[in-house]
Amino acid sequence: LLSDSVKERTERTQKFCKLCCKESLCDHSNIGILFSGGVDCSLISVLADKFIEPSRPIDLMNVAFEKVSYNLKKPDQINWNVPDRLTGLETVEELKRLCPNRKWNFIEINVTRAELGEHLKKLSSLVFPLSNVLDESLGAALYFASRGVGEVYGKLYKSSCRVILIGSGADELFGGYTRHRNAFKRSTPERDLLTEELSLDWVRLPSRNLARDDRVIGDHGITVRAPFIEENFVKFVQQLSPLQRCFPALPEGVG
């Protein structure tokens, strides 16, 4: 079901990138993936490889923000090895082994605090009416990722993608947050708090995530598509019991 969802969202895309005219031959990247190196985006990447022409590269957008402790340093002195960058670099090597015939453009998008400050007013308007710190931080990651300006193998690169695939819905469906583990621990025989938490997450996903993400990414003229929230896939997953979807009694990263 997930494979079918990715297939539909990749094949129903114009076969030419943002930079090329409809009549011209185009072998540039036209589909990108918001890529932290986590399970959801890794699955999407492996599946997308099956349905995108082998000659066409796939852009992997990986964002790193300047840490507060490095605020006084110049951009070329900043340590950009934040957790998502390290995970992304590790996972892209695995992708190269699994899909050796594909060119993967791992775009290192480094955002200084000064650059973030320059775009903060616009970001605030895009995530409105949501205004907490989490919305601003997630919105900022999506904004700079979809802009697609960074480095690939040390050279300046600007993505030509028309479409970005994201893993939205995966954590909500499969209990990927710490609060799901906490709900499981607090559950009693009389009340299944994990089921309640998963249900609540799904109900508020459109207003809490999807509308915000669409506005932020769409600001760059990019279409955002989320394979995990496809109707048939969701219907199948939701008929499973919570403990078939996740098992928080096991260690983090396993359950």
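Which helix is Val92 found in?

1. **Val92 and its place.** This is a predicted model. Val92 is found in helix 3, which runs over residues 83–98. Is Val92 buried or exposed? Its relative accessible area is 3%. The limit for buried is under 20%, so Val92 counts as buried.

2. **Neighbours of Val92.** Leave aside residues up to four places away in sequence. Val92 then touches Phe35, Leu60, Trp104 and Phe106.

3. Helix 2 covers residues 39–51, which makes 13 residues. At 1.5 Å a residue, helix 2 should span 18 Å. The C-alpha atoms at its ends are 19 Å apart, which agrees.

4. **The buried residues of helix 2.** Which residues of helix 2 are buried? They are Asp40, Cys41, Ser42, Ile44, Ser45, Leu47, Ala48 and Phe51. When reading such a list, keep the helix repeat in mind. An α-helix has 3.6 residues a turn, so residues three or four places apart point the same way.

5. **Aromatic pairs.** How many aromatic pairs does the structure hold? The count is six. One of them joins Tyr143 and Phe144. Tyr143 is buried, at 3% relative accessible area. Phe144 is buried too, with a relative accessibility of 0%.

6. **A second pair.** Phe228 and Phe233 also form an edge-to-face pair. Here the centres are 5.9 Å apart and the angle between the planes is 65°. Phe228 has a relative accessible area of 3% and is buried. Phe233 is buried at 8% relative accessibility.

7. **A ring cluster.** Which residues do ring pairs link into a cluster? They are Phe65, Tyr143 and Phe144.

8. **Cysteines.** How many disulfides are there? The count is zero. A disulfide needs two cysteine sulfur atoms within 2.5 Å. Take Cys99: the closest cysteine sulfur is in Cys41, 13 Å away, so a bond is ruled out as too far. Cys99 is buried, with 6% relative accessible area. Now take Cys161. Its closest cysteine sulfur belongs to Cys17, at 8.5 Å, which is also too far for a bond. Cys161 is buried at 1% relative accessibility.

How values were computed
Residues are numbered from 1 along each chain as its sequence is written. This is a predicted model: local features need pLDDT of at least 70, side-chain atom pairs count only at pLDDT 80 or more; totals for chains, interfaces and linings use all residues. Side-chain values use heavy atoms; hydrogens and water are left out. Helices (H or I, at least four residues) and strands (E, at least two) are DSSP runs, numbered from the N terminus. Buried means under 20% relative accessible area, exposed over 50%, partly exposed in between (1.4 Å probe, protein chains only). Contact means heavy atoms within 4.5 Å. The expected span of a helix is 1.5 Å times one less than its number of residues. Rings of Phe, Tyr and Trp (its six-membered ring) pair if their centres lie within 6.5 Å; planes under 30 degrees apart count as stacked, over 60 as edge-to-face and the rest as tilted.
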